[in-house]
Amino acid sequence: MVFRKMPDDLLGRIRTLHDVTVADPRRADELPRFREALHDADGLIGSSFRLDAEVLARSPRLQVISSISVGVDNYDLAYLKQRGITLCHTPGVLTETTADTVFALIIAASRRLVELSNHVRDGQWTRNIGEDLFGWDVHGKTLGVLGFGRIGQAVARRAALGFGMPVVFHDPFDVQVPASLAGHAVRASFDEVLARSDIVALTLPLSDETRGLMDAKAFASMKAGAIFVNGSRGAIVREDALVDALDSGHLRAAALDVFAVEPLAQDSPLRTHPKVTPFPHIGSATHETRRAMAELATDNLLRVLDGDTAISAFDLSKA
Ligand code: DGY
């Protein structure tokens with residue numbers, strides 16, 4: 001079953017080998033078909049829908065879920081492990097694009113790009129802008145990277161090598177500083193990263209350990225006037241605490257590509273907050289990268305259904 005829109009040629013590749021049901025469970029009119037097809041499904045391919053134990057229990061034949069995402073927080077990992085279901089994801093192919101997005105968030109928040117562009121669009125540019133609309137430099141600022149995996153390291157490279165920014169990072173795992181960042185990036189504790197950074201970028205995966213990590217205490221530990229950007233998962237942030245930190249003036253600004261609930265609720269204060277630049281989860285959303293993700297996910301699905309090993313299976317051994 002294909003549970004998200006896919007390029008026609010890739011769908012065609014799957015159809016030549018298997019019986020395919022296409023059903024998007026996020027659409028009320030397709031949900032009954034999705035539920036029915038689960039029963040006979042050997043494989044699922046798609047993304048952006050929570051497949052928990054209750055849903056998957058309806059799928060007794062399931063061998064593989066091929067997620068068109070690098071994040072695997074939509075899946076009940078312990079349940080998949082217990083059932084012996086292979087979970088595939090798409091690391092690698094989206095690293096650089098997502099790092100571009102995170103860097104765009106950094107620049108957007110610091111230089112107030114969206115706000116100032118809207119100033120022009122709204123017809124308010126009637127005289128030279130004054131200090132009240134100035135932004136803040138990005139180059140030379142200290143960047144804190146929380147989560148030094150592929151994407152965190154790619155953000156750090158842009159910062160250190162392109163913008164002359166000292167980088168301080170924290171990662172729960174024993175990640176080594178790559179040779180390209182030697183002398184530019186230093187490891188520190190979570191608290192130290194918060195205390196030393198002018199800009200903090202969140203690039204951690206969502207897990208039981210990271211859910212709600214950025215809470216009131218964490219925001220209070222950031223430098224006064226610091227900027228916060230999130231390109232990973234919204235649920236790592238206590239959004240109420242972020243709003244408080246912005247309202248109190250402790251934080252200068254935030255740029256957010258992800259939210260605890262997506263699409264962002266119309267009544268969320270983050271949607272219209274004057275110090276927040278929100279984006280609709282565009283991390284990997286370029287034509288080239290979404291295509292590469294769909295191709296990799298298709299390859300993973302077909303290989304596992306063919307009895308072969310996946311190119312990029314998620315390691316469930318620690319789940
Ligand atoms: C991912 O791959 O996990 C991204 O969040 C999807 O854009």
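**A walk through the spaces in this model**

Before I go on, a word on the model and the numbering. This is a predicted model, where local features need pLDDT of at least 70 and side-chain atom pairs count only at pLDDT 80 or more, while totals for chains, interfaces and linings use all residues. Residues are numbered from 1 along each chain as its sequence is written, and side-chain values use heavy atoms, with hydrogens and water left out.

So what counts as a cavity? On a 1 Å grid over the protein atoms alone, a cavity is a set of points where a 1.4 Å probe fits but cannot get out, whereas a pocket is an open set with protein on both sides within 12 Å along at least five of seven lines; lining residues have an atom within 4 Å of a point. Points are joined across faces, edges and corners, and a volume is the space filled by probe spheres set on them.

By this rule there is 1 cavity of 30 Å³ or more, and the largest cavity has a volume of about 40 Å³. Strand S8 (226-230) and helix H10 (239-247) each supply at least two residues of its lining; helices (H or I, at least four residues) and strands (E, at least two) are DSSP runs, numbered from the N terminus. The lining of the largest cavity divides into 6 nonpolar, 2 polar and 1 charged. Here Ala, Val, Leu, Ile, Met, Phe, Trp, Tyr, Cys and Pro count as nonpolar, Asp, Glu, Lys and Arg as charged, and the others, Gly among them, as polar.

Next, an open space. The second largest pocket has a volume of about 410 Å³. Of the 23 residues that line this pocket, Arg112, Glu115, Pro274, Lys275 and Val276 are the closest to its centre. Elements giving two or more residues to the lining include helix H5 (95-111), strand S9 (251-256) and helix H11 (269-272). Which element gives the most to this lining? That is H6, with 5 residues. By class, the lining of the second largest pocket has 11 nonpolar, 6 polar and 6 charged residues.

Now, the ligand. Around it are Ser69, Val70, Gly71, Leu94, Arg233, His281, Ser284, Arg290 and Met293, each with a heavy atom within 4 Å of it. This shell has 3 nonpolar, 4 polar and 2 charged residues. An N or O atom in the side chain of Arg233 is 2.7 Å from an oxygen atom of the ligand. For His281, a polar side-chain atom lies 2.8 Å from a ligand oxygen, and for Ser284 a side-chain N or O atom is 3.0 Å from one. The protein covers 85% of the 240 Å² of accessible area that the ligand has on its own, by the Shrake-Rupley method with a 1.4 Å probe.

Two backbone details to finish. Glu262 and Pro263 are joined by a cis peptide bond, with omega about -5°, and Pro263 sits in the loop between S9 and H11. Ser48 has a positive phi of about 60° although it is not a glycine; Ser48 is found in the loop between strand S1 (43-46) and helix H3 (53-56).

How values were computed
Polar contact = N/O pair within 3.5 Å; in protein donor to acceptor, adjacent residues only side chain to side chain.
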